[in-house]
Amino acid sequence: MKPFDEYSKQLKNYTLQQQPDPYLPVEEYFTCQVANMGSVMLPLLNGWYVHKDSHLTRYENGVVAGSLKAAIQECPELVDAHLNQLAAEDKDDLTASNETQYTDGIFIYVPDNVKVPQPFQIVSLVNSREDLLVQTRNIIHVGRNAELSLIQCDDSSKYGKTFLNIFTGIFLEENARLHYYKTENKEAESLLFHHINVYQKRYSFFLSNAITFNAGYVCNNIHVNLNEPFAEAQLYGLYLVDKTQHCDNRIKVLHNCPDCKSFQLYKGIMDDDAEASFHGHVVVQPDAQRTNAFQTNRNILLTDKAKINTQPFLEIYADDVQCSHGATVGQLDDEALYYLRTRGIGERSARKLLMFAFANEICQHVDIQALKDRLSDMVQRRLDGELTICDQCMMHNADNGHLIFPIDPTKL
Amino acid sequence: MLKIENLHVSIKGREILKGVNLEVNAGEVHAIMGPNGTGKSTLASVIAGKDGYDVTEGNIIYKGKNLMDLSIEDRAREGIFIGFQYPVEIPGVSIANFMRTALNEIRQYRGLDPLNGAQFLKLMNEKKKVVELTEKLSNRSVNEGFSGGEKKRNEIFQMAMLEPTLSILDETDSGLDIDALRIVANGVNQLKSPDNATIVITHYQRLLDYIVPDVVHVLFDGKIVKTGPKELALELEKRGYDWIKEEYEQRKLS
């Protein structure tokens, strides 16, 4: 597998798609069949927001959600400051490319004191016969004392090779809470880069839980800026990779002020020739006293060829802090295997039980019960080899084990 | 049911069992006693099939089959159950899921249909009563965060679920307070039948006040050096193991 930087050079091999008809009647393609989730769907097709009625929806409680491009036109006062702040950040090749080339993306604005009752769900489908480059930019703003749960499903069809480069800016005001769940269900030929910048104010809470089920190459970058005291970030991730897949998680948490907390737990199972890496970097600035920062990365390698590079990394300039880091790479616990087998459970089943238990710990950090059950079930079936990507999405309705999307919505 | 003949077992070249002979029949309860480090737990591990134990001589015949030919799981499926001294914690695996998987794999081995969810729950609720296991406990991960007493109750609960024909309880009484001991022992007694047998491995007479053995064996220096009725346990409690050692040394000399 090539190093991260090599990928930016490949961008030119992909074509950027022009805007499809924005008023496509695409509801039936963007149905999530996960029961009882009651989510509000925010559809992205090849990076463009598509909806049959409106580009930007203003809800009664003051929430604004829809296309980022539309929001820049219709409510610049809510967007511009955030875009400007992102423009001032240091960039690598891919984030710079995103800034100049992004076509569209999702904008969500939750006003102060609004607790959004139902989760919002971004479903980002990439479906093309060409080798497609998709550049998406999302801006999420959660106001003072406001709350939002956000689900993001990144899915693709089997048609062409795709390069998806997403940038998400998240702005949490004082005492805001955001739960951000991601599932990554991409075809084996797809590349997915998702860079998330989070800016947290006083007493705000951010939870990210990213589960990578399948993709050719996935890179999840999260940069959390704890900018005011008593902010807290919890970051979870699970990567289940096999064949020649590759998954990177690169985390950077900046403790810029005192009394903040950060917590990272990432787990992975690597099979066949798959590779993964975890790079967790916590920086505790000189005046960030009474910081609590913990990071853990645990891995199971199922074959001799599978590979994990893990680098938990603490950089501490304050003296009154509690920080820990740890990484493990190993096989399953022999004593536990023995115990299960003495109860009549065959070795293969015993291994599966233990692997599921290992992976399912990450699914426990989901507050939406229907989503938690769904993710647990998907993890189980992924480990059983019965499923590689979410089969409850119209995109992936499986037929004879092949993925079929009979109508190419770009041709509608 | 179980016949152990001249069993010699080594761990990493060191001989632990030096010619054990033991015969256990259906309907019997045997106690194996003895000081620390004489091979009691080794005997349980060899019967279970744990890796790292080399049988250098002798045989273990169970229901007419040579146990050494069977995998760990197949021994369990044939009806052997080990109650562990230190049950391992398995975070993330619920007791219910664990037991359902075990029970259905055993049933499959025996050519029976798997239990469906409702049948399984009914069985589990029934068997929980054997050791007064609470609802809360059965939804938790296997042994995770359990107290010593809860772990041992969970062992006997599993025994009740799997209905083994031969149970070997390794130091089941260690670390139990008197109430937990009573519950665990009551559980074992409820499960006793003319068709199954139990081997109780213990240091102390205490457990045998509750689970009354038919035969008591003393394991010393890798061999069973004395066998007697249940009164032997009481004598050991009174006199300790020194006189057994002396008797054994004298026999060795002569």
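## Basis of the report

The model is predicted, so local features are given at pLDDT of at least 70 and side-chain atom pairs at pLDDT 80 or more, whereas totals for chains, interfaces and linings use all residues. Residues are numbered from 1 along each chain as its sequence is written, chains are lettered from A and ligands numbered from 1 in the order in which they are written, and side-chain values use heavy atoms, with hydrogens and water left out.

## Chain A as a whole

Chain A has seven helices and 23 strands. Helices (H or I, at least four residues) and strands (E, at least two) are DSSP runs, numbered from the N terminus. Of the 412 residues of chain A, 60% count as buried. Buried means under 20% relative accessible area, exposed means over 50%, and partly exposed lies in between (1.4 Å probe, protein chains only).

Contact means heavy atoms within 4.5 Å. Among the contacts in chain A with a separation of 6 or more, 83% are accounted for by residues 24 or more positions apart.

## The ten-stranded sheet

In chain A, ten strands form an open sheet with mixed pairing, in the order E3-E2-E7-E9-E11-E13-E15-E17-E19-E21. Two strands pair if DSSP finds at least two bridges between them. Strands E3 (48–49) and E21 (321–330) of chain A stand at the edges; each has a single partner strand, so one side of each is left without a neighbour in the sheet.

Within this sheet, strand E9 (residues 147–156) and strand E11 (residues 177–185) of chain A run parallel and are joined by nine bridges. A:Gln152 stands opposite A:Lys182 in E11(A).

## Helices on the sheet

Helix H6 (residues 347–363) of chain A lies across strands E13 (205–214), E15 (232–241), E17 (261–270) and E19 (291–301) of chain A, and runs at about 145° to E17(A). Axes are lines fitted to C-alpha atoms, for helices over the stretch in contact, and angles run from 0 to 180 degrees between N-to-C directions. Helix H7 (residues 369–383) of chain A also packs on the sheet, where it touches E9, E11, E13, E15 and E17 of chain A. The direction of H7 makes about 30° with that of E13(A).

## A buried valine

A:Val284 lies in strand E18 (residues 275–284) of chain A. This residue is buried, with a relative accessible area of 0%. Leaving aside residues up to four places away in sequence, A:Val284 touches several others, including A:His255, A:Thr291, A:Tyr317 and A:Cys323. The C-alpha atoms of A:Val284 and A:Lys52 are separated by 47 Å, and the two residues are 232 residues apart along the chain.

## Cysteines

The structure holds zero disulfides over all chains; a disulfide is a pair of cysteine sulfur atoms within 2.5 Å. A:Cys257 is therefore in no disulfide, because the closest cysteine sulfur to that of A:Cys260, in A:Cys257, is 3.7 Å away, too far for a bond. A:Cys257 counts as buried at 6% relative accessibility, and A:Cys260 is buried at 0%.

## Salt bridges within the chains

Over all chains the structure holds 28 salt bridges. A salt bridge is a side-chain nitrogen of Lys or Arg within 4 Å of a carboxyl oxygen of Asp or Glu. One of them joins A:Arg374 and A:Asp377, with the closest N and O atoms 3.8 Å apart. Both residues lie in helix H7 of chain A, three residues apart, about one turn of the helix. A:Arg374 counts as buried at 9% relative accessibility, whereas A:Asp377 is partly exposed at 34%.

In chain B, the closest N and O atoms of B:Lys18 and B:Asp221 are 2.9 Å apart in a salt bridge. B:Lys18 lies in strand E2 (residues 14–24) and B:Asp221 in the loop between strands E11 (215–220) and E12 (223–228) of chain B, so the pair ties together parts that are 203 residues apart in sequence.

## The contact between the chains

The contact takes 17 residues from chain A and 29 residues from chain B. The buried area between them is about 1900 Å², of which carbon and sulfur atoms give 64%. Buried area is the accessible area (1.4 Å probe) that two parts lose on being put together, summed over both. A:Tyr338, A:Tyr339 and A:Arg343 supply 40% of the area that chain A buries against chain B, more than any other three residues.

Three salt bridges are found across this interface. The side chains of A:Glu335 and B:Lys50 meet in a salt bridge (3.3 Å, N to O).
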